[in-house]
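Please open the model in your viewer and keep the selection panel at hand. The tour goes from one selection to the next, and at each stop it says what is there.

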Amino acid sequence: METIVYLIRHGESEANHRDIFMGHGDIELSETGWKQACVTAKYLHNQEPKPDAIYSSDLKRAYHTAEKTAELYDMPVIKDIGLREIDAGLWEYLTFPELRKQFADSFALWSNNIGLAGCDGGETVAQLQKRIVSAVTRIAGKHKNGIVFLFFHATSIRVFAAHCLGKAPEEIKDVPW
């Protein structure tokens, strides 16, 4: 047997709902996000066999999504800061129109070739990828031949998928959200 890792994005957050860029900001799930967390939990609970562990980013939107699944399994959620979304730096809490206006060049790069981009005053996508690959590898290593559910964030999952597919930074844009 091999280690099986489920990569699960959190439900819709209030930031997603309001079209706000969010990295390390600790914002709650939206009403839709709570419903998505419940549907995800029911779907995952129907998977066999049971997971050996459930991990989550320490940010509320991911953690609360994970909690719904953990409740059905009567298991704890293990918070891991390594699973956080990108450090958005100066972009944190800005709307997408504000980003296009205030950070036109760097946000255009993000939009057109994300693997070569970075958030002004925050992490680059390359730094995020290194951190996420390290965290997922470390967690999977603790559960050899087991099943692990990881609840975290869209950009983080995308860069990890790119790593698994052997994509170069300039090819991350080709990995679907």
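Select C38, which counts as partly exposed because its relative accessibility is 31%. Then select C119, which is buried, with a relative accessible area of 4%. The structure is a predicted model, and a search of the whole of it finds zero disulfides.

Which residue in strand 3 stands opposite Y55? Select I78 in strand 3, and you have the residue that Y55 faces.

## The nonpolar cores

Next, show side chains and select L83, W91, W110 and L150, which are the residues with the most contacts inside the largest nonpolar core, a set of 31 residues. The elements that give two or more residues to this core are strand 2, helix 5 (104-112), helix 6, strand 4 (147-152) and helix 7 (154-164). Helix 6 gives the most to this core, with seven residues.

Stay with L83 and display its surroundings: leaving aside neighbours within four places in sequence, L83 is in contact with a set of residues that includes Y55, S56 and S57, as well as R131, I132, A135, V136 and I139. The list of contacts of L83 also holds L150, F152, H153 and S156, and L150 has already been selected above as one of the residues with the most contacts inside the core.

For the second, separate core, select I8, A70, Y73 and V77, which are among its 12 residues.

## A buried glutamine

Return to helix 6 (residues 125-142) and select Q129, which has its place there. Is Q129 buried or exposed? With a relative accessible area of 15%, Q129 is buried, because the cut-off for that label is under 20%. Not counting residues up to four places away in sequence, Q129 touches V159, A162, H163 and I172.

## Backbone details in the loops

Go to the peptide bond from E48 to P49, which is cis, with omega near -10°. P49 lies in the loop between helix 2 (31-45) and strand 2 (53-56).

Then select D19, which is found in the loop between helix 1 (14-17) and helix 2. D19 has a positive phi of about 60°, although it is not a glycine, and at 41% relative accessibility D19 counts as partly exposed.

Finish at D74, in the loop between helix 3 (60-73) and strand 3 (77-79). What is the phi of D74? The phi of D74 is positive, at about 55°, although D74 is not a glycine. At 73% relative accessibility, D74 counts as exposed.

Note on methods. Residues numbered from 1 in each chain as written. Predicted model: local features only at pLDDT ≥ 70, side-chain atom pairs only at ≥ 80, totals over all residues. Heavy atoms only, no water. Helix = DSSP H or I, 4+ residues; strand = E, 2+ residues; numbered from the N terminus. Buried < 20%, exposed > 50% of the residue type's maximum accessible area, 1.4 Å probe, protein only. Contact = heavy atoms within 4.5 Å. Disulfide = S-S within 2.5 Å. Pairing = 2+ DSSP bridges. Core = buried A, V, L, I, M, F, W, Y, C linked by side-chain atoms within 4.5 Å.
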